[in-house]
Amino acid sequence: MTAPLVVVSGPSGVGKSTVVQAVLRQAPDVWLSVSATTRAPRPGEVDGEHYCFVSQAEFDTLIATGRLLEWAQFAGNRYGTPRGPVEEHRERGTPVILEIELAGARQVRAGEPDARLVFLAPPSWEVLEARLRGRGTEAEEAVRERLATAGVEMSAQGEFDDIVVNTDVEEAARTLVGFLHDNTPR
Ligand code: 5GP
C-alpha cells in the first residue's frame, strides 16, 4: 500500500510555507516535494532543494513527456510537481506533502484520486487582509488586486477534503501530520 499524499493549498498570504516547515520539523519522516519552476532563484534558494530551476524549454519538455503530476502558471512563472519522485517516495512508504497553488491542487484531485486535499484557511478575512497589506508600503491599486484574488481563492474551499484554520502554526501543522500518518485507504 502506498503512503499518503497530502496537498496543502490556500490563498496567498495564508502562511502555507510556514506551516509546511513546521510539519517537517514535527515529522521528519515526511518528504516535501521539490517543484520545478521557471522563476529565477531568490537569494538563498538552492537549486534542487527549494526548487529545480529550469528554463522555459526544459519546462515545456517536462509537460510534453508527461513528467509533471500537475502544473500551473502563477504570477508570470510556471510551477510543476515532478511525478516520479512523488510516486517513488509513496511506494517506499514515505508520506509526501505538496505545497501548491489552487489550479495545481485541482489537477491533483483529477489525477490522483487518493490524494488528500487540504485548504489552509486564515482565522478570519481581516487577518488575511492585514497579511496581504503587509507593511502598507504598496500602492492601493496593487493591494486591491491582491484582495480580489484572495476573495476568489477563498471561495474554492468547498472543493477540498479538509479545511485547516491557521490560527496557530504548530497546531495547524499537527493536524497535517495526523493526515500524513493516516494510512486508512482513501
Ligand atoms: P513562490 O514563487 O513564492 O515560491 O511560489 C508561488 C506560488 O506557487 C505559491 O503559492 C506556491 O505554493 C506555488 N507553487 C510552488 N510550487 C508549485 C507547484 O509545483 N505547482 C503549483 N501548482 N504551484 C506551486
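This is a predicted model: local features need pLDDT of at least 70, side-chain atom pairs count only at pLDDT 80 or more; totals for chains, interfaces and linings use all residues.
How far is a nitrogen atom of the ligand from an N or O atom in the side chain of Glu70? The first view has the answer.

View 1. Residues are numbered from 1 along each chain as its sequence is written, and side-chain values use heavy atoms, with hydrogens and water left out. The side chain of Glu70 puts an N or O atom 2.7 Å from a ligand nitrogen. Glu101 has a side-chain N or O atom 2.7 Å from a nitrogen of the ligand, and for Arg42 it's a ligand oxygen, at 3.0 Å.

View 2. On its own, the ligand has 510 Å² of accessible area, and the protein covers 89% of that (Shrake-Rupley method, 1.4 Å probe). There are 15 residues around the ligand, and Ser35, Arg39, Tyr51, Tyr79 and Glu101 come nearest (a residue is near if one of its heavy atoms lies within 4 Å).

**View 3. Strand β9 and its neighbour.** Strands here are DSSP runs of E, at least two residues, numbered from the N terminus. β8 (residues 116-121) pairs with β9 in the parallel sense over four bridges; pairing takes at least two DSSP bridges. Look for Ala121 opposite Val165 in β9. Strand β9 spans residues 162-165, with Asp162 and Val164 on its covered face and Ile163 and Val165 on the uncovered one. In a regular strand, side chains alternate between the two faces of the sheet.

Key:
Buried means under 20% relative accessible area, exposed over 50%, partly exposed in between (1.4 Å probe, protein chains only). A polar contact is a pair of N or O atoms within 3.5 Å; within protein, one must be able to donate a hydrogen and the other to accept it, and residues adjacent in sequence count only if both atoms are side-chain atoms.
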